[in-house]
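Here's a quick briefing to read alongside the model. Have the sequence and the 3D view open as you go.

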Amino acid sequence: MTYVVAEGCIMCKYTDCVEVCPVDCFYEGENMLVIHPDECIDCGVCEPECPVDAIKPDTEPGIGPWLALNADMARAWPNISERIAPLPDHAAWAERPGKLTSLSRNPAASR
């Protein structure tokens, strides 16, 4: 089992999860995070840290497409290992459904 970042993260990008990850398996895109499935040690400490419930186990029904997206984007995006501020409009996006159309496949801008 691994953990997967799903739609809830899009346009929010809270990084509370990054701060607790013991293996630094999070990768940062322009408007969401992903977990590298080959690096995740399945400890689960990140899941309860997400304020929008965007982190799910890969055993959750319907999570397959998100697992594939996490794997693909983790290969293209830079690693993130420190907490940063969420996106500016995160509160307005936090509970909004249907955010997949807003997903950017661009990596995070260099800090």
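**Salt bridges, core and contacts**

Asp72 comes out partly exposed at 41% relative accessibility (buried is under 20% relative accessible area, exposed over 50%, and partly exposed in between, with a 1.4 Å probe and protein chains only). This is a predicted model, where local features need pLDDT of at least 70 and side-chain atom pairs count only at pLDDT 80 or more, while totals for chains, interfaces and linings use all residues. Residues are numbered from 1 along each chain as its sequence is written, and side-chain values use heavy atoms, leaving out hydrogens and water.

**Salt bridges**

- The count comes to five salt bridges (a side-chain nitrogen of Lys or Arg within 4 Å of a carboxyl oxygen of Asp or Glu).
- Asp72 pairs with Arg75, with the closest N and O atoms 3.3 Å apart.
- Both Asp72 and Arg75 sit in helix α2, three residues apart, or about one turn of the helix (helices are DSSP runs of H or I with at least four residues, strands are runs of E with at least two, and numbering starts from the N terminus).
- Arg75 is exposed, at 60% relative accessible area.
- Salt bridges with shared partners link Asp16, Glu19 and Arg83 into one network.
- Lys13 bridges to Glu28, and their closest N and O atoms are 2.9 Å apart.
- Lys13 is in the loop between β1 and α1 while Glu28 is in strand β2, so this pair ties together parts 15 residues apart in sequence.

**Nonpolar core**

- The largest nonpolar core has 34 residues, and Phe26, Met32, Val34, Ile35, Ile55 and Trp66 touch the most other members (a core is a set of buried Ala, Val, Leu, Ile, Met, Phe, Trp, Tyr and Cys residues joined through side-chain atoms within 4.5 Å).
- β1, α1, β2, β3 and α2 each put in at least two residues, with α2 giving the most, at four.

**Buried spots worth a click**

- Cys12 lies in the loop between β1 (3–5) and α1 (16–20), and at 0% relative accessibility it counts as buried.
- Setting aside residues up to four places away in sequence, Cys12 touches several others, including Asn31, Val52, Pro86 and Trp93 (contact means heavy atoms within 4.5 Å).
- The C-alpha atoms of Cys12 and Ala91 are 7.4 Å apart, though 79 residues separate them along the chain.
- Ala74, in helix α2 (residues 64–76), is buried at 5% relative accessibility.
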